[in-house]
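Subject: A structure for you to explore

Hello,

Here is the structure I promised to pass on.

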Amino acid sequence: MKGEVFYIRKYWMPYIALLLAAVILAGCSQLRSQSGYVGSTSGSVEIPVKLDSAEGERPGGEEEAQPPIDQASPDSEPEIDQSDASEPVVSTVTLGAIGDVLIHRPIYREAEQPDGTYDFSPIFQEVVGTMRKPELLIANEETMIGGKEIGLSTYPRFNSPHEVGDALQEAGVDFVTLANNHTLDRGEKAIQSALKYWDKLRLPYAGAYKNQEDQAEIRTVSRNGISFAVLAYTYGTNGIPVPAGKDYLVNLIDADAISADVERAKELADVVVVAMHWGKEYEDRPNAEQQTLAKQLADMGVDVIIGNHPHVLQPPAWVEGQDGHRTFVFYSLGNFISSQEGTKKRIGGIGFVDVVKTTAGGRTAIEIVNPAFMPTYTYYKNWKDYRIVPMELATADELNQAKQQFKSTMSHMRSDVPDLSLIHAE
Ligand SMILES: [Zn+2]
């Protein structure tokens, strides 16, 4: 209920602003009509219909001299002048994120086709409807897609087929974040090959880069009149040292570097999204370090944080930064696809938030509202038949005590955000 009130309040704000604007405009048009302005321009209407009726109710003898606008042009729809600075313009975009994409050997073995190519699309078949719903979907591609030419490999040093990229894009992924503890697994060769392939797919990436210039270029994506800048960082690289002079290969967490990037990102885009590869593996609550970093990012003015790495779900939260800035944090979205064992490591999900941009009087305001989540389960049997199943629809055959698991997963995810909506499978 609390969430609904919040939601309604947020959504009424533009309408209240619109009503205020209408009252002001009505006042203006009264002045205008007194000087004969409306009468002389009744062919090209500048004010909305609502104002006409307000004017009609006004006492006075002006109506005779200046007939109501809808009489002057009975069939034409009055046009609202979009250039009017006092008219608020509201647009909304749903931003989505999925958990870790970890392509272990059994997964790429099963995807191999007789002609030597790979098809990962069956894995996403049951969640593709939900993945395509948000206008912008971000994935944490944890294993570099260096391609089979340099030799595929699994844990502890991953290298995955290029075709993982095709399948993700086909399923609805619009952006990949690449800064994680496996970025350097197979060295620069795998990174460069992967980045070349993401470029070929025209799928923007962040967190691992070809060179310094590539790293300096903050990626932005626009949807529905709202621009997003996406940044990505990792706590480390599993002890593999970053090659000397090649810091651009992977973005490491460093508060000063992040702060400088966020400042630039704020100038380039309406919304700043930061992917953080952080936390301790298999811990189902964010630790103090994650919470401190989230607060620092909120203070910087980051709008949404997408956390990954623990391989299990951690409950999301709102974090308040300086000047009351509110940041939504998905602390960990778990494993979206992997071959890890154990129920908790096979549970992940898709998170959504709505981004609302209101422009009025030359000012722009961004609000993050309506956080939502769909828990998923990676089904497989005897290291085959890998597919991501919406937990809500999982059968007892697919997941032991499926209904109970689904309920406890949602209540876990609602620990700090009780009004977190459930995204039903499409
Ligand atoms: Zn990781």
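Below is what I found, starting with the whole chain and then moving to a few of its parts.

Please keep in mind that this is a predicted model. The chain has 426 residues, and 41% of them count as buried. Its secondary structure comes to 15 helices and 17 strands. If you take the contacts between residues at least 6 apart in sequence, 73% of them join residues at least 24 apart.

On one side of the story is strand S5 (residues 220-223), which runs antiparallel to S6 and is joined to it by four bridges. One of the pairs to look for is Arg 223 with its bridge partner Ile 226 in S6. The two strands form a hairpin with two residues between them, and in that turn Asn 224 has a positive phi of about 55 degrees.

S6 also pairs with strand S7 (residues 271-277), this time in the parallel sense and over seven bridges. Here you can find Ala 229 and its bridge partner in S7, Val 272. Together with helix H12 (residues 255-268), S6 and S7 make a right-handed β-α-β unit.

Now turn to H12 itself. This helix has 14 residues and reaches 20 Å from its first C-alpha to its last, close to the 20 Å expected at 1.5 Å a residue. Which of its residues are buried? They are Ile 258, Asp 261, Val 262 and Ala 265. Seen down the axis of H12, these buried residues fall within an arc of 105 degrees, so they line one face of the helix. The face of H12 turned away from the buried side carries the exposed residues Asp 256, Ala 260, Glu 263 and Glu 267. As for the buried residues, what covers them includes S6, S7 and helix H13 (288-300).

Buried in H13 are Gln 290, Leu 293, Ala 294, Leu 297, Ala 298 and Met 300. Because they fall within an arc of 155 degrees when seen down the axis of H13, they line one face of the helix. Ala 288 and Thr 292 are exposed on the face turned away from that buried side. The buried residues of H13 pack against H12 and S7, and also against strands S8 (304-308), S10 (317-320) and S11 (326-330). Just after the helix, Gly 301 takes a positive phi of about 100 degrees.

Leaving aside neighbours within four places in sequence, the contacts of Val 273 include Leu 95, Ile 138, Phe 228 and Val 230.

One last stop is Leu 399, in the loop between strand S16 (384-390) and helix H15 (402-413). Is Leu 399 buried or exposed? Leu 399 counts as buried because it has 20 C-beta neighbours inside 10 Å.

Enjoy exploring!

Best wishes

Key: Residues are numbered from 1 along each chain as its sequence is written. This is a predicted model: local features need pLDDT of at least 70, side-chain atom pairs count only at pLDDT 80 or more; totals for chains, interfaces and linings use all residues. Two strands pair if DSSP finds at least two bridges between them. A crossover is right-handed if, with the strands pointing away from the viewer, the path from the first strand over the helix to the second runs clockwise. A residue is buried if 20 or more other C-beta atoms lie within 10 Å of its own, exposed if 12 or fewer, and partly exposed in between; C-beta atoms are placed from the backbone. Two residues are in contact if their C-beta atoms, placed from the backbone, lie within 7 Å. The expected span of a helix is 1.5 Å times one less than its number of residues. The arc is that of the directions from the helix axis to the C-beta atoms.
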